[in-house]
Amino acid sequence: MNRRRAYEDDGDFYGERNKKRRRVSENQEMEERLETLILRVGENSTSSLESNLEGLVSVLESDLGNFRSKILRILSDCPIKMPEKCTIYSTMVGLMNAKNYNFGGEFVEYMVKSFKDSLKQCQWDAARYALRFLADLVNCHVISTNSLLQLLDSMVDAANEDNVPQVRRDWYVFAVLSTLPWVGRELYEKKESALENLLVRIEVFLNKRTKKHHNALRVWSVDAPHPQEEYLDCLWAQIRKLRQDNWTEKHIPRPYLAFDSVLCEALQHNIPVIHPPPHQDSFEYPMPWVVYRMFDYTDCPPGPILPGAHSIERFLIEEHLHSIIEMHRWERKDCAIHLLMLPYKDKIPLEYCIVEVIFAELFHMPTPRYLEICYGSILIELCKQQPSKMPQVLAQATEILFMRIDSMNTSCFDRFVNWFSYHLSNFQFRWSWDDWDSCLLLENEHPRPKFIQEVLLKCLRFSYHDRFKEMMPEGYAKLIPKPPVPHYKYSMEGAGKFTKQYTI
């Protein structure tokens with residue numbers, strides 16, 4: 001019997017292979033559907049978030065048998081890649097733990113492994129978001145408070161190690177402090193004394209640490225009207241204010257409160273003992289920075305009040321805006337849309353917060369995180385997306401920067417020149433120059449007239465000289481760059497001596 005005949009006798013061969021293909025494609029479609037449902041939970045929907053969570057948990061529970069590892073992977077990745085939805089995913093895990101205790105234990109193990117891997121691989125933001133998520137699982141009765149406090153204590157222990165870089169110690173304290181807004185109230189109610197001991201240890205550390213880097217990272221050489229605080233000092237002041245308010249904040253959405261009757265009956269898991277990986281010379285840690293402040297509540301129009309510099313809401317808003325820029329920086333339109341769609345935007349002067357955060361990124365010392373043109377293009381897109389408010393806020397910010405330019409860091413001065421000239425070139429070089437007439441009484445090398453001179457020199461690359469002669473007020477003539485005429489030495493006076501040298 002030849003080979004062809006054998007296949008003909010076993011006529012189900014091709015049919016079976018096609019069935020396998022269909023099964024594989026069906027499994028892939030189901031996995032993609034589950035991933036889409038998990039990723040998009042909490043987004044715009046006609047039904048409430050609570051009903052969406054209940055429905056999604058029922059779907060995931062029914063599919064655990066076939067897609068367990070897939071569900072574990074997606075649920076552990078989402079709070080790290082979308083930290084703004086941390087409480088939504090913690091609620092989902094809490095509801096699944098209440099129905100399936102074994103799944104809850106597997107997920108905690110998976111999340112702990114992700115946290116440890118992030119520390120080993122120096123993925124510091126991912127590690128901080130994983131720690132935040134583990135802390136928020138305490139609110140959903142998935143993890144016990146004792147085991148979380150043990151983890152936080154071990155991180156403070158790492159901050160007190162000897163013979164390690166200060167940036168390493170600073171990061172561990174920053175990670176703990178930035179987690180407390182999510183879980184501080186729960187720890188305060190159940191383990192007040194342990195929480196206070198943790199805070200005392202952090203305070204002792206902060207009082208001993210050196211801040212030689214502070215002056216080098218300042219945008220301005222003076223602290224008026226807004227003090228330029230080192231980032232850990234500022235966050236510590238915000239945490240102390242939160243403690244005075246009994247750990248109550250008004251910014252973090254907490255959907256698990258609607259399911260408290262269900263979650264409180266769930267059994268809790270313990271986080272295994274975690275020892276942070278020891279320092280290695282190849283490790284690179286986040287550098288310190290100075291918290292940038294441009295506005296306070298007096299700069300904003302009547303309406304929603306800008307949170308104070310030491311309120312935890314200010315930290316939460318700024319961190320959320322920074323994460324949006326980091327996530328969507330490659331596409332300026334998407335970035336502008338997501339910035340303007342910030343949750344609780346009706347409770348804060350959002351435009352002022354956005355402008356302040358973008359300039360904080362632009363003036364970040366010693367260098368900005370991304371290209372300067374990235375921030376300029378985002379600001380232009382924001383003006384297009386919201387023409388009724390954003391241009392006015394941006395003009396107000398420019399005026400503030402110009403008035404304070406005398407004490408601005410030289411590097412930030414150059415970035416300000418680059419951004420303003422680029423911005424003007426996209427809006428037909430329109431500006432109320434008459435408002436800055438007072439600078440004409442100063443010497444040309446004073447920072448204010450020098451700024452205008454440098455801006456016009458940059459703008460000349462986007463336009464032509466005669467346009468600026470017509471556009472600028474007469475008083476600014478001395479600041480307009482010289483016309484860019486060609487320099488041809490053979491047509492100049494005395495050029496004959498050059499030709500004689502080459503005459504044979």
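Visitor: Which residues touch the most other members of the largest nonpolar core?

Guide: In that core of 90 residues, they are Leu 75, Tyr 89, Met 92, Phe 115, Met 155, Leu 177 and Ile 202. Bear in mind that this is a predicted model, where local features need pLDDT of at least 70, side-chain atom pairs count only at pLDDT 80 or more, and totals for chains, interfaces and linings use all residues. Residues are numbered from 1 along each chain as its sequence is written, and side-chain values use heavy atoms, with hydrogens and water left out.

Visitor: What makes a set of residues a nonpolar core?

Guide: Its members are buried Ala, Val, Leu, Ile, Met, Phe, Trp, Tyr and Cys residues joined through side-chain atoms within 4.5 Å.

Visitor: Why is Thr 87 called buried?

Guide: Buried means under 20% relative accessible area (exposed is over 50%, partly exposed in between, with a 1.4 Å probe and protein chains only). Thr 87 comes in at 2%, so it counts as buried. This residue lies in helix α4, residues 86-99; helices here are DSSP runs of H or I, at least four residues, numbered from the N terminus.

Visitor: What is Thr 87 in contact with, leaving aside its neighbours within four places in sequence?

Guide: Asp 136, Trp 182, Ile 252, Pro 253, Pro 255 and Tyr 256, where contact means heavy atoms within 4.5 Å.

Visitor: And what makes Cys 353 buried?

Guide: Its relative accessible area is 5%, so Cys 353 is buried too. You'll find Cys 353 in helix α14, residues 350-362.

Visitor: Why are α5 and α6 called roughly antiparallel?

Guide: The axes of α5 (residues 101-120) and α6 (residues 124-139) come within 8 Å and cross at roughly 155°. Angles over 145 degrees count as roughly antiparallel, under 35 as roughly parallel, 65 to 115 as roughly perpendicular and the rest as oblique. That's why α5 and α6 are roughly antiparallel to each other. The residues of their contact divide into 12 nonpolar, one polar and no charged.

Methods
Axes fitted to C-alpha atoms, helices over the stretch in contact; angles between N-to-C directions. Helix = DSSP H or I, 4+ residues; strand = E, 2+ residues; numbered from the N terminus. Nonpolar A, V, L, I, M, F, W, Y, C, P; charged D, E, K, R; others polar.
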